[in-house]
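User: I am new to this structure. Please walk me through a few of its features.

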Amino acid sequence: MTTRVFVDCDPGIDDAVALAYLSARSDVEIAGVGAVFGNSGVEVTTDNALRLLELYGRPEVPVAWGASRPLVQPPRLAPHVHGANGLGGVELPAPAGKPCEESAAELLVRLARETPGELDVLAVGPLTNLALALALEPRLPDLVRRLVVMGGAVRDPGNVGPHAEANVANDPEAAEVVFEAGFTLDLVALDVTMRTVATAEWLTELSRVPGERAERTSEFLAFYSDFYTEILGERQCAMHDPLAAAVLVDPHLVEGSYRTPIRVELNGTFTRGMTVADLRPRPSKDERHPVRVITDVAEADFLGRMLDSLR
Ligand code: RIB
Ligand code: CA
C-alpha cells in the first residue's frame, strides 16, 4: 500500500535527511512539500526543498512557499545549527524547478480535500503553515488520516530554552492551534529524538557510501554534527526529522508511547513555548483530544533504514 504524504518542513539538515528517507521509498508518494521559515528564512527553505527533492530523485514533487514569520512573535533562525544556507554551507546545484503558485497552506488543503481520509501529514518545522491551513479549512483534522509532528519536549528539557523545543517555540500560537484542532496526532518530541542519535560509527559508515545523495548528505551532516558534538560531548547528532518520517512510514518501529492532551504555554516568562501535559498519576480532567507521545523506537532498525535510504 502506498502512503501519500504532505511534508511541511524548514530544510534544514535533518529535514534534508527526512526528505531522503521518504524519497527513497517506492511505497511513499510525496504529494507535496510546504516550506516554512525556521532553520532559515522561507526563501532559503523553499529553495532548499526544491534542490533537495532534485538531489534525492523526486523533482516532480510540488513545492509551495509558506509562512515567512510566526503568527505573533518575530522569527528566530538557526544558522549556528544548519549553516547560513540551511545546508551546512554545502552548495547544491540551483533547482531546475520553481515553487508552485499556491501557498503551502493552500496546497495542503487542496491535497487533503482531493483524497479525504487518505493523506498523511509530516510536520517538521514551525507549525505556522498548518495553523494557516486550519484557518482555510477547519475540517482538516477529519480530511487528513494522520499528522506526525516533530516538536516539543514533554518530560525532557528543551533545546532553545529550559523547556521549549525549536519548532514549537518558533511559533507557539500556531502549535497551540494545531494541538487543539483534534488531529490524530503522533508527537515525536525531544524526549525520543535526543535518545535516538546518529553515532560516530553511523556517520563514518555514511561517509563511505558512494554516490551523490550520500556524499552531499554526509557533507551536510559534518556541519550539523559539529554543533551536536559540542552539546553532547561526543561525535553524534540528533536525527529529529528523519525519526518523525520513520514513525510515519514505518510505524512498527515505535516501541513505546502514551496518550495525553498537549497544551502550549503562551505566556510564561521562562516557559513560553513549553509543551505541557498533565502527567499527574490520576485520570486527567483535560478534555482536549489526546495526542500519542512517542517514547521509544527500535533504534538500530531506524539507523539502518536511514542509511539504506541514502545508499
Ligand atoms: O528541535 C529540532 C527541530 O528544529 C528540527 O525539526 C530541526 O530541523 C529544527 O526545525
Ligand atoms: Ca526541521
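User: In which helix is Leu 132 found?

Analyst: This is a predicted model: local features need pLDDT of at least 70, side-chain atom pairs count only at pLDDT 80 or more, and totals for chains, interfaces and linings use all residues. Residues are numbered from 1 along each chain as its sequence is written, chains are lettered from A and ligands numbered from 1 in the order written, and side-chain values use heavy atoms, without hydrogens and water. Helices are DSSP runs of H or I with at least four residues, strands are E runs of at least two, and both are numbered from the N terminus. Leu 132 is found in helix 5.

User: Is Ala 198 buried or exposed?

Analyst: Ala 198 sits in strand 7 (residues 197-198). Buried means under 20% relative accessible area, exposed over 50%, partly exposed in between (1.4 Å probe, protein chains only). Ala 198 has a relative accessible area of 0%, so it is buried.

User: Which residues coordinate the calcium ion (ligand 2)?

Analyst: Donors are N, O and S atoms within 2.8 Å of the metal (3.2 Å for Na, K and Ca); water is not among the atoms, so sites may look incomplete. Here the distances run from 2.2 to 2.7 Å. The donors are Asp 10 (OD), Asp 15 (OD), Asp 15 (OD), Val 124 (O) and Asp 241 (OD).

User: How many residues apart are Val 124 and Asp 241?

Analyst: Both Val 124 and Asp 241 are buried. Val 124 lies in the loop between strand 4 (119-123) and helix 5 (128-136), and Asp 241 in helix 12 (residues 240-249). The pair links distant parts of the chain, 117 residues apart.
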